[in-house]
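Subject: Structure handover

Hello,

Here is the structure I promised to pass on. Please open it first, then read the notes below it.

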Amino acid sequence: MNADDQKKAAAVRALDYVKPGMKLGLGTGSTAEHFVRALGEKVKQGLDVLCVPTSERTGKLAESLGIPLTNLDDTPHLDITVDGADELDRELRLIKGGGGALLREKIVATASERMIVIADASKLVETLGAFPLPVEVIPFGAAATARRIAEVASDFGCTGRMSRRADEYGEPFFTDSENFIYDCAFGTIPDPDGLSAALNRIAGVVDNGLFIGIASLAIVGTATGTDILGSI
Ligand code: 5RP
């Protein structure tokens, strides 16, 4: 199977964990989109679920498929969030935020009893960090915050190019919460737990794309099927 088939296989397998009456978080990105589409089919066939999307983009897709939607104000506790990842390791630590939705993704995932990660095999790595770590930053004083990020990261053995994300027109990219993202190409992250905690202590950092201790199960598409890591 190619990468997209693997994403789809992982997404379809995640449906096995969805039971009638569940409240679900819906992730963002191409793998999560496969899940939303597959869930939409089940809803058409009568499955009763209520869902919170992690981005405007996912919300529009889910709405177009007739999936009942709510938000965390009306429904603050969810059963399962199903989302993709840019990288995951065997401890189910993740890098997320390639699609720019890391903040809402983390809020929704941590409002959920369980998070299931769905991914193609290329996302499973020995050491996190080849994918540039997204860090969401308040626009006020962003250059000063970026400087602090570089200093703090270097204390954790992480150095490399940091660039403020731009959109397809070269204009600053804004998240759904109107913040900037700095993509930090560290290459490897020797201590993801320590780095994540330290980054989130910097004034001006809203959150970073390391998801530590949040996912309990990963479904990884392979050349021949799907592998399960962790348990639920
Ligand atoms: C969006 C994300 C996505 O889950 C991540 O970028 C993976 O995307 P894809 O499934 O398209 O490979 O974190 O913010």
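**Loops with positive phi**

Leu 92 lies in the loop between strand 4 and strand 5. Keep in mind that this is a predicted model. The phi of Leu 92 is positive, near 60°, and the residue is not a glycine. Is Leu 92 buried or exposed? Leu 92 has a relative accessibility of 6%, and buried means under 20%, so Leu 92 counts as buried.

Glu 178 also has a positive phi, about 65°, and is not a glycine. Glu 178 sits in the loop that runs between strand 8 (162–164) and strand 9 (180–184). Its relative accessible area is 54%, and exposed means over 50%, so Glu 178 is exposed.

Strand 5 (residues 94–95) is joined to strand 11 by two bridges. Ile 95 has Leu 210 of strand 11 as its bridge partner.

Leu 133 belongs to strand 7 (residues 133–137). With 0% relative accessibility, Leu 133 counts as buried. From Leu 133 to Lys 7 there are 126 residues in sequence and 21 Å in space, C-alpha to C-alpha.

Ala 203 makes a contrast in setting. This residue is in the loop between helix 6 (192–199) and strand 10 (205–208). Ala 203 has a relative accessible area of 68% and is exposed. Gly 141 is 62 residues from Ala 203 in sequence, and the two are 9.9 Å apart in space, C-alpha to C-alpha.

**Strand 12**

Which residues of strand 12 are buried on each side? On one side they are Leu 217, Ile 219 and Gly 221, and on the other Ala 218 and Val 220. Both faces are therefore covered, since these residues are all buried. Strand 12 spans residues 217–221, and five of its five residues are buried. As a rule, side chains in a regular strand alternate between the two faces of the sheet.

Strand 12 has two pairings to look at. Strand 6 (residues 112–120) runs parallel to strand 12, and five bridges join them. Asp 120 has Gly 221 of strand 12 as its bridge partner. Strand 13 (residues 226–230) pairs with strand 12 in the antiparallel sense, over five bridges. Here Ile 219 is bridged to Ile 228 of strand 13. A hairpin of four residues connects strand 12 to strand 13.

**Helix 3**

Helix 3 (residues 56–64) has Thr 58, Gly 59, Leu 61 and Ala 62 as its buried residues. They span an arc of only 165° around the axis, which puts them on the same side of helix 3. Lys 60, Glu 63 and Ser 64 are exposed on the other side. The buried residues pack against strand 1 (23–26), helix 2 (30–44) and strand 2 (50–53). Gly 66 follows helix 3 and has a positive phi, near 80°.

**The largest pocket**

Helix 3 matters for this last item too, as a source of lining residues. The largest pocket has a volume of about 210 Å³. Its lining holds 13 residues, and the closest to the centre are Val 52, Pro 53, Ser 55, Glu 56 and Arg 104. Which element gives the most to the lining of the largest pocket? That is helix 3, with four residues. Strand 2, helix 3 and helix 4 (102–110) each supply at least two. By type, the lining has six nonpolar, three polar and four charged residues.

Best regards

Methods
Residues numbered from 1 in each chain as written. Predicted model: local features only at pLDDT ≥ 70, side-chain atom pairs only at ≥ 80, totals over all residues. Heavy atoms only, no water. Buried < 20%, exposed > 50% of the residue type's maximum accessible area, 1.4 Å probe, protein only. Pairing = 2+ DSSP bridges. Arc of directions from axis to C-beta. Contact = heavy atoms within 4.5 Å. 1 Å grid on protein atoms, 1.4 Å probe; cavity = no way out; pocket = protein on both sides within 12 Å on 5 of 7 lines; lining within 4 Å. Points joined across faces, edges and corners; volume = space filled by probe spheres on them. Nonpolar A, V, L, I, M, F, W, Y, C, P; charged D, E, K, R; others polar.
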